[in-house]
Amino acid sequence: MTTAVHLSSQLAVNVLDARSLLSAFGVLGVGVVLFAETGLLIGFFLPGDSLLFTAGLLCTGTAGSGLRLSLAPLLVAAAVGALAGSQCGYLLGRRAGGTLLARSRSARLHEGARRAEELLERYGYAKAIILARFVPVVRTVLNPMAGALRVPVRTFTVWQVTGGLVWSLGLTLAGYALGSSVPNVDRYLLPMVAVIVGLSLIPVASEVYRSRRDAKAKEARG
């Protein structure tokens, strides 16, 4: 009976809600979700940013939800899921080209692909691969795009590992740090998640602003 109740709670999980995912699957779920979000096109809608931040917060035991995660296993699961997923997405793109993307009818996914290709063309491989980690949907489609565009394997691997560790460990530790220092942090969880997601877009916004400023400067000199 207990097993049946536990199974039904897992089947009823809301995949768009970080806390629901963590309650159902715990640390293992973090790795699986990050793998799916960064490695499989069907995972573009998953809440990677909020999942990492919320998981880190729940490691402190101050969220008042009755759920507490262990930090060390969480960091390992987050890093492995993010890095393995990205590499898998790259390999799929290298083998299948744009076939998988062409079959999708999601306008949001195609918009993400357009932005991913723009990042690669505008900023070069290293910067684009790192920046894409912090942009929802783009971090899903950039990996197969990089494979389809034949970005060198070594170049892609070095920079996806760098960006993946900064993103996955950084957001997790940010949640842990805030959960450790803010009393009754559960009351402020949703606003804080929104702030974290907003902050994750700053690097890309900064690069776009700098690129446009440099382009205007060149036009003025020309």
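1. Start with Phe156. This is a predicted model, and in it Phe156 is buried, with a relative accessible area of 0%. Tyr90 is buried too, and its relative accessible area is also given as 0%. Buried means under 20%, so both residues qualify.

2. Now look at the aromatic pairs. The structure holds two of them. In general, a pair of aromatic rings is described by the distance of the centres and the angle of the planes. Tyr90 sits in helix H4 and Phe156 in helix H8 (residues 153–181), so the pair ties together parts that are 66 residues apart in sequence.

3. Are Phe44 and Phe45 buried or partly exposed? Phe44 counts as buried, because its relative accessibility is 16%. Phe45 has a relative accessible area of 35%, so Phe45 is partly exposed. Phe45 is found in the loop between helix H2 (18–39) and helix H3 (48–58). Phe45 also belongs to a nonpolar surface patch with Val15 and Leu16. Together these three residues have about 260 Å² of accessible area.

4. Check Arg139 next. How many salt bridges does the structure hold? There are two. The side chain of Arg139 meets that of Glu37 in a salt bridge, at 3.0 Å from N to O. Arg139 lies in helix H7 (residues 138–148) and Glu37 in helix H2, so this pair ties together parts that are 102 residues apart in sequence. Arg139 also forms a salt bridge with Asp49, with the closest N and O atoms 3.1 Å apart. Asp49 lies in helix H3 and Arg139 in helix H7, so this pair ties together parts 90 residues apart in sequence.

5. Ala77 is worth a look. Ala77 lies in helix H4 and is buried, with a relative accessible area of 16%. Leaving out residues up to four places away in sequence, Ala77 touches Val27 and Gly31. Ala77 and Leu28 are 49 residues apart in sequence, but their C-alpha atoms are 6.6 Å apart in space.

6. Step back to the whole chain. The chain has 10 helices and zero strands. Read along the sequence, its pattern is α-α-α-α-α-α-α-α-α-α. Of its 222 residues, 43% count as buried. Among contacts with a separation of 6 or more, 77% join residues 24 or more positions apart. The accessible surface comes to about 11,500 Å², and 63% of that belongs to carbon and sulfur atoms.

7. Finally, confidence. The mean pLDDT of the chain is 80, and 75% of its residues reach 70 or more. Where is confidence lowest, and where is it highest? The lowest is in helix H1 (residues 2–11), at a mean of 45, and the highest is in helix H4 (residues 71–96), at 94. Over residues 1–11 the pLDDT is below 50. Beyond near neighbours in sequence, that stretch has two contacts in the model.

How values were computed
Residues numbered from 1 in each chain as written. Heavy atoms only, no water. Patch = residues over 30% accessible without salt bridge, like charges linked within 9 Å, V, L, I, M, F, W, Y side chains within 5 Å. Areas by Shrake-Rupley, 256 points an atom, 1.4 Å probe, with all protein chains shown as cover. Salt bridge = Lys/Arg side-chain N within 4 Å of Asp/Glu carboxyl O. Helix = DSSP H or I, 4+ residues; strand = E, 2+ residues; numbered from the N terminus. pLDDT = per-residue confidence, 0-100. Contact = heavy atoms within 4.5 Å. Phe/Tyr/Trp six-rings, centres within 6.5 Å; stacked < 30°, edge-to-face > 60°. Buried < 20%, exposed > 50% of the residue type's maximum accessible area, 1.4 Å probe, protein only.
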